[in-house]
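Could you walk me through this one? I'm new to it and would like to ask a few things.

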Amino acid sequence: MEEPNHIYQFSLLNALMDGVSASGIPVSKFLSKGNQGLGTFVLMDGELLSLDGVVYQLQSEGRVREAGNDEQIPFGVTTNFVAEKTETVKLENKVAIDKILDTNLPPSANLFVTYRITGTFTHIKARTVKGQEYPGQPLSELGDSQFVSTYDNISGTVIGFRSPKAFQGLAVAGEHLHFISEDRKVGGHVLEISGENLKMGMARVKDVHVELPTGKDFNEATLVSDDAGIKKVEG
Ligand SMILES: [Zn+2]
């Protein structure tokens, strides 16, 4: 396992925005790099959340399955999370996460931050991407066909990463968080969140390792940051 709170990332968000998602690293390798992570699957079939040794595929229509060791991850970020600080928090909305991180961690606006929130959430609105309809379809188009669901009074875990503005395109600048229910039956990319008496562990990250794909599709991608497009589909 990697050192605590180092980020390992495979590929770039911009590559995903350009539709590069035909292959990637195996689940087994991703799991060896950390105990919590986010990402997606080949052809962007759903959302990925990894937690304590298991990679979950959060599929459209809200279904969840465990991914096998040989399945491939075309984009993912993970870390061996060890909380630097743990607090009991109240979240009125998604923006509140930013404030809690700013209040509880030393200055970290230009560092990466990772966190884990557990408890019973008053409200979660989550989406799952339905997957590419043709190879190379850009992620920005898939945002229009995503499956969105809301859950009230649901117990579970949120895994989150906050990336600095300067890294928009490498990652999702700002907050990026995925949810999975305690019974592992539903989950997705979090659009809205609220709750109280939630346990939130958080840590700063100053070491980031990015592994790039070597394929033709990656090398033919333009990789130009589309700030508005990323905010629309990943915000
Ligand atoms: Zn996501």
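Student: What should I know before we start?
Tutor: This is a predicted model, where local features need pLDDT of at least 70 and side-chain atom pairs count only at pLDDT 80 or more, while totals for chains, interfaces and linings use all residues. Residues are numbered from 1 along each chain as its sequence is written, and side-chain values use heavy atoms, with hydrogens and water left out.

Student: Which residues coordinate the zinc ion?
Tutor: Donors here are N, O and S atoms within 2.8 Å of the metal (3.2 Å for Na, K and Ca), and water is not among the atoms, so sites may look incomplete. Along the sequence, the donor residues follow the spacing H-x1-H-x10-H. At 2.1 Å, the zinc ion is held by the NE2 of His176, the NE2 of His178 and the ND1 of His189.

Student: Which strands do His176 and His189 lie in?
Tutor: Strands (E, at least two residues) and helices (H or I, at least four) are DSSP runs, numbered from the N terminus. The pair ties together parts that are 13 residues apart in sequence, because His176 sits in strand E12 (residues 174-181) and His189 in strand E13 (residues 187-205).

Student: Is His189 buried or exposed?
Tutor: Buried means under 20% relative accessible area, exposed over 50%, and partly exposed in between, using a 1.4 Å probe and protein chains only. His176 comes in at 10%. His189 has 1% relative accessibility, so His189 is buried.

Student: How many bridges link E10 and E11?
Tutor: Two strands pair if DSSP finds at least two bridges between them. Strand E10 (residues 112-128) also pairs with E13, antiparallel, over 12 bridges. In E11, Tyr151 is the bridge partner of Ile124. E10 and E11 are antiparallel as well, and their bridges number 15.

Student: Which element gives the most to the lining of the largest pocket?
Tutor: A pocket is an open set of points on a 1 Å grid over the protein atoms alone, where a 1.4 Å probe fits, with protein on both sides within 12 Å along at least five of seven lines; lining residues have an atom within 4 Å of a point. This pocket's lining has 19 residues, with Asp98 and Arg162 among those nearest its centre. Helix H3 (95-104), strand E11 (147-163), E12 and helix H6 (227-234) each supply at least two. With four residues, the top contributor is H6.
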